[in-house]
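Please examine the sequence and the three-dimensional structure shown below. A set of questions and answers follows them.

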Amino acid sequence: MKLSISSLSIIIIILFTGISLTAGEEEGSSGDMKKVKESENFVPEWAKEVVWYQIFPERFRNSDESNDPDLLSIKGSWPHDFTSAWEVHPWNSDWYRLQEWEKKNGKDVFFNIQRRRYGGDLQGIIDKLDYIKEMGIGAIYLNPVFEAPSMHKYDGATYHHIDPFFGPDPEGDKKLIESEEFSDSKNWVWTSADKLFLELLKEAHKRNIRVIIDGVFNHMGLNSPAFIDVKEKQQKSKYKDWFKILSWDDEKKGTKFEYSGWYGVKELPELYQDSTGIAGPPKKYIFDITERWMDPDGDGDPSDGIDGWRLDVAFMIGHGFWKDWRQKVKSVNPESYITAEIIEPIDYNIPFLEGDEFDAVMNYNFAFSCEEYFISDSNKINTVEFDRQLKELREAYPLCVAYVMQNLLGSHDTQRILSHIVNKNIGPMRNWGSYYEKTRAANKNYETRRPDEHEINIYKLMVIFQMSYLGAPMIYYGDEAGMWGANDPCCRKPMVWPDMNYEPETVNPDQSPRKEQNRVYYNENLYDHIKKYIGIRNKYKALQKGNFNTVLAENEGLYAFSREYEGQYVLVIINNTGKDQKLDAKHTDGKSYIDAATGMEIKPGQIEVKPYWGRILVREK
């Protein structure tokens with residue numbers, strides 16, 4: 001199909017993301033697989049203890065301007081304009097305002113945003129590891145880092161090389177890559193970008209920070225040497241069985257070369273699958289790159305490699321492949337962590353989480369429930385229903401899985417959490433397809449303004465809950481800085497840093513002037529809040545590994561629950577209303593507590609909670 005950003009088709013929009021649509025039935029999705037005993041623990045223990053931080057590499061930090069991308073580096077990516085005027089985009093510029101060189105092509109801002117590159121690189125991440133550590137983060141999830149022409153890099157040219165423009169010597173790296181035999185792992189070299197990535201892992205591990213990366217195994221990109229070879233040589237290509245080819249160039253038959261792109265997106269040619277999933281040479285390639293990044297020097301010691309994987313559109317690959325791949329991953333590093341992107345109802349996730357495929361999934365169902373309780377007015381649920389939904393979600397999977405589910409409030413595939421609160425009634429997040437469309441800035445009903453203090457306080461309340469609830473919390477880069485933005489591509493703005501001055505946002509997406517300017521700055525107050533509550537979670541094992549018991553769930557918006565672990569008892573009280581609330585003394589066992597946020601002793605009696613706030617109270621049994 002012909003791609004057109006103006007069509008606003010969900011199929012076209014997802015070209016820029018790597019998100020899941022509602023999946024159809026596939027083998028094994030009925031939940032008929034063996035049940036795992038509740039006592040079994042097949043997940044890495046460290047994954048129960050960490051707070052996650054998600055980084056979109058191209059937009060995190062540009063520390064090395066000498067490796068900034070050039071115009072030809074975007075060739076092969078949407079919107080396929082690598083001839084119009086172009087420059088590396090100023091990091092601190094007004095997001096919706098077209099630069100002078102962008103105006104020359106006559107296209108709108110959304111066309112031009114897809115051509116933008118800001119120069120984020122691996123050195124930028126390395127330079128900010130101390131910032132990440134100081135925040136209390138224990139694990140990083142990196143969006144794709146492999147060689148690819150797009151800014152999101154879900155269109156990988158290779159999976160065995162880091163993108164040259166993330167490293168210190170792009171031109172030298174490109175020459176090295178060209179000298180290789182793509183499919184022969186014995187022939188692979190280590191580029192300067194590859195080596196810098198290993199240095200990133202080393203520096204992260206020094207700080208006791210784990211790192212997982214995005215595995216995009218359903219498809220590759222137009223720049224893949226394998227796909228280029230197939231397109232040129234057709235049935236004579238050694239890679240002819242790598243992709244889902246629909247027809248070949250054949251004058252006698254009157255056919256043209258056609259292939260299956262992910263959801264029809266031709267920029268993302270899909271890898272061939274048999275009844276079990278990806279098989280044959282592509283499977284071997286994926287297994288080879290898996291070992292390369294998990295044990296880089298091949299000495300059997302995985303400590304110098306990545307700590308696991310996040311798997312893109314995992315539901316589109318057969319269960320048989322994932323079962324084999326898990327065995328490979330765990331054989332290299334038994335303590336590795338495997339999480340997947342599946343944006344589906346609970347029942348659909350079950351077959352993936354029985355102990356022989358994934359350890360967890362990105363917990364979008366958690367985000368859906370939080371939206372309905374903390375944010376929305378139009379589809380708001382009461383405390384009883386919120387508690388019921390959380391219970392259903394906790395008990396749907398083996399107990400060990402519940403502790404390592406990535407509890408997110410937003411990601412690179414959603415509007416920013418603060419913009420979500422601003423646009424609280426735009427539509428249910430649970431209705432993913434329509435939600436995704438409605439939350440784009442191209443929707444003229446979408447409000448692109450910065451959040452006000454009340455809206456920021458709602459997020460602060462959600463953070464208190466997120467950091468005290470069962471599961472592994474995840475922060476999307478910049479949320480701690482107060483960043484806002486509509487859905488893709490606006491949720492992927494350059495990171496706002498305290499050492500930089502930013503232009504205010506002065507124009508709307510249609511280039512008309514804003515009635516009020518959006519001041520852009522690093523929100524120190526919000527950062528301090530998030531850091532404090534990450535610190536509380538890190539301090540108390542009960543918040544990481546403790547059980548969960550509902551203490552009070554009433555319709556008035558007062559929610560209390562306890563977490564207990566090895567003699568440590570934590571009582572969490574959430575006031576999701578605009579009035580002062582009190583927790584009756586009968587729910588406190590007549591004991592004294594320490595307020596984890598203030599250090600103050602709370603003596604027996606009623607416990608007061610301010611509007612839209614929460615308290616975490618601790619006592620040792």
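Predicted model: local features only at pLDDT ≥ 70, side-chain atom pairs only at ≥ 80, totals over all residues.

Residues are numbered from 1 along each chain as its sequence is written, and side-chain values use heavy atoms, with hydrogens and water left out.

Q: Which strands stand at the edges of the open sheet of eight strands?
A: Strands here are DSSP runs of E with at least two residues, and helices are runs of H or I with at least four residues, both numbered from the N terminus. Two strands pair if DSSP finds at least two bridges between them. The open sheet has the order 12-11-10-3-2-1-14-13, with parallel pairing. Each edge strand has a single partner strand, so one side of each is left without a neighbour in the sheet; these are strand 12 (360-361) and strand 13 (406-408).

Q: How many of the eight residues of strand 18 are buried?
A: Buried means a relative accessible area under 20%, exposed means over 50%, and partly exposed lies in between (1.4 Å probe, protein chains only). Strand 18 (residues 558-565) is largely enclosed by the rest of the structure, because the number of its eight residues that are buried is six.

Q: Which residue in strand 19 is the bridge partner of A560?
A: Strand 17 (residues 549-553) pairs with strand 18 in the antiparallel sense over four bridges, and A560 in strand 18 is the bridge partner of L552. Strand 18 is also joined to strand 19 (residues 568-575) by eight bridges, and these two strands run antiparallel. In strand 19, the bridge partner of A560 is I573.

Q: Which residue takes a positive phi in the hairpin of strand 18 and strand 19?
A: The hairpin of strand 17 and strand 18 has four residues between the strands, and there G557 takes a positive phi near 95 degrees. The hairpin of strand 18 and strand 19 has two residues between the strands, and the residue with a positive phi near 45 degrees is E566.

Q: What is the relative accessibility of Y612?
A: Y612 is a residue other than glycine with a positive phi near 45 degrees. Y612 is placed in the loop between strand 23 (607-609) and strand 24 (613-620). Y612 counts as partly exposed, at a relative accessibility of 25%.

Q: How far from C490 is the nearest cysteine sulfur?
A: A disulfide is a pair of cysteine sulfur atoms within 2.5 Å, and the structure holds zero disulfides. C490 counts as buried, at 1% relative accessibility. C490 is in no disulfide, and the nearest cysteine sulfur, that of C491, lies at 7.5 Å.
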